[in-house]
Amino acid sequence: MIRKCMAVVDHAFTAVAVFALAFMTLLIVADVALRYGAGTPIFFAHDLVVLYLTPAVFFFGFGPTYWRAEHLSVDLLTLNLPHRLRELTDVVSSAIGLWVFGLLTWVAWERAAKSFANNEVIASIVPWPAWASYALVPIGSAAMVLVCAARIVISLNNAFGRATGEAAQ
Amino acid sequence: MTSLLVVIGLLVLLLLGVPVGFALAFTGLVGLMTIVGFESALSVLSTTPLSTTNGFELIAVPLFILMAEFVIVSGIADRMFRAITIWVGRLPGGLAVATALAGAGFGAISGSSTAAAAALSSTSIPAMRRAGYEVKFASGVVAVSGTLAMLIPPSIALVLYGIIVEVNIASLLIGGVIPGIIVTLAIIVTIYVLMARDPSIAPAARPWPMRDKIRALRDIGPMLLLLLCVTGSIYLGIATPTEAAGLGAFGAFVIAAAFRTLSWKTTWGALARAVRATCMIFMIIIGAHIFGYVLTLGQITPGFVNWITGLDVSPYVVMAGIIVFYLIMGCFMDQMAILILTVPVMVPAITSLGFDPVWFGVLVVVAAEVGMITPPLGMNIFVVSRYAERPLSEIFRGVAPHVVSHIIVLALLVAFPQLVLWLPGTTQ
């Protein structure tokens, strides 16, 4: 059940990040081509990339990356630990991630909500709404919180529960 | 005292296998809460992650990674190796030399060392085996040739260094060109030194008619096109590193489409892998930025700089010590993590000694190349071992002579900084 729910989260957030990366690439190429080819760069390209597309790639990608255990760690010692201890170190990692990203979700949400209430815009040619950029952080971080919580449950189950295979990482 | 405890806490968490980015962010936050209080720590947390990801230069990282993914999908590495083999394969050791040159060529269109090792392993190890090459020798050449991607532009490691240290990224990338050529030559020289001792390790392969040689040049074309898009546009000042990375990613996509290796599945896979590799790196950068506040408040960086500059020895002795430190760290930790963790402290120290940060960046990356092939955590060795289906110990022995030649190259670059700094000085 947990795995099925997390697969949905993984696919949804990966899809947004992938779309943002593809769009960012095309926008940058089009901007360079138009600048040198027609002398008319896309005037909003820089702001759109920096304000929205880049945070979307990063913050929406953090959760899927951790779900697939692709965040970098030094596994020199843990590789040689017995199975149960290794699962417990994974619990420690996920608990730390849960705490950090839980706090981040909270403070970033407050910042986005405040910006929305004040109707803040970016001081640029196009007055892009600032809150939409801020909001990407808590949304992406919330996915990370879910992944960390799911991995804690799975690791505890692997360490102490029945070896069902279904829960094994 | 708090800062020292935080550093110790960080080391403990790293040893427990906690992801590097998590460990940095957690210890950084706990340190900040202890030093400046809960509210101020939360204030740092609310602004640092987004501000870290807001720089236009940062975008070069995902785009260069995406370029590498499309290069892998396109199969350019296989075609390049085959083309070079047709030209030099008939010579004794020719396939090994072709591997080194293909490694340099792959490095010129991809910044990922592990990807280069994987791409080269799948093609060149079977070819060398068929030609009767000693497996230990062949695997060593493949493992070390893969490391070239880390140094030859577009180098993701050098882009990251530039972002962290706030040094001109274009200068760094162009600064990697001549050292990249020197390291390639060092690999080829090492191949011939080993063959001089025992010619049976690399026999001559079959010759090819001139018609095939001319035809093979077509396969080099796409690589040259990408090279022009990326390094050429940066060198000529036509594009910033970020724009060049975008052109490179798009160019690699077009080449993969032209080679008919693209499908929805491979395109999606390349984009998704690029997203995850980017997030892995940026998690560490965000964590390092939060942790950096503790280093600043604890006066750790200025303390280290004062200690280094106060040493009663030649700056070159200090530099030698720093390089040895990187070589040792490279044996035990991932190269990206070493870079992000150590560079913010090291660079102020080396600049206070009068050294150039661009030059130092290239030195650190060459040292990191050694870390990719030294036990116990040489990533390229793991990759090659899997493809060659040989024990790790055998591959480590095969690559050992190349480790020695890499260290000689490092000494050369330390002795003659202009090998790094001359070309960036000539850019537009």
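How many helices and how many strands does chain A have?

1. Chain A has four helices and zero strands. Along the sequence the pattern reads α-α-α-α. The model is predicted, and the points below should be read with that in mind.

2. On dimensions, the radius of gyration of chain A is 20 Å, whereas a compact globule of 169 residues would have one near 15 Å. The C-alpha trace of chain A spans about 65 × 40 × 30 Å along its principal axes.

3. Take the contacts in chain A between residues at least 6 apart in sequence: 72% of them join residues at least 24 apart.

4. The interface with chain B involves 53 residues of chain A and 55 residues of chain B. Between them the two chains bury about 4,900 Å², with 82% of that on carbon and sulfur atoms. On the chain B side, F22(B), L50(B) and R276(B) lose the most area to chain A. Together they account for 14% of what that side buries.

5. Several elements of chain B give two or more residues to the side that touches chain A: α1 (2–15), α2 (20–36), α3 (38–52), α4 (60–74), α14 (241–258) and α15 (264–297). The largest share, 13 residues, comes from α15(B). By type, the residues on this side of chain B are 44 nonpolar, eight polar and three charged.

Definitions and conventions. Residues are numbered from 1 along each chain as its sequence is written. Chains are lettered from A and ligands numbered from 1 in the order in which they are written. This is a predicted model: local features need pLDDT of at least 70, side-chain atom pairs count only at pLDDT 80 or more; totals for chains, interfaces and linings use all residues. Side-chain values use heavy atoms; hydrogens and water are left out. Contact means heavy atoms within 4.5 Å. Buried area is the accessible area (1.4 Å probe) that two parts lose on being put together, summed over both. Ala, Val, Leu, Ile, Met, Phe, Trp, Tyr, Cys and Pro count as nonpolar, Asp, Glu, Lys and Arg as charged, and the others, Gly among them, as polar. The radius of gyration is taken over C-alpha atoms; the globule rule is 2.2 Å times the number of residues to the power 0.38.
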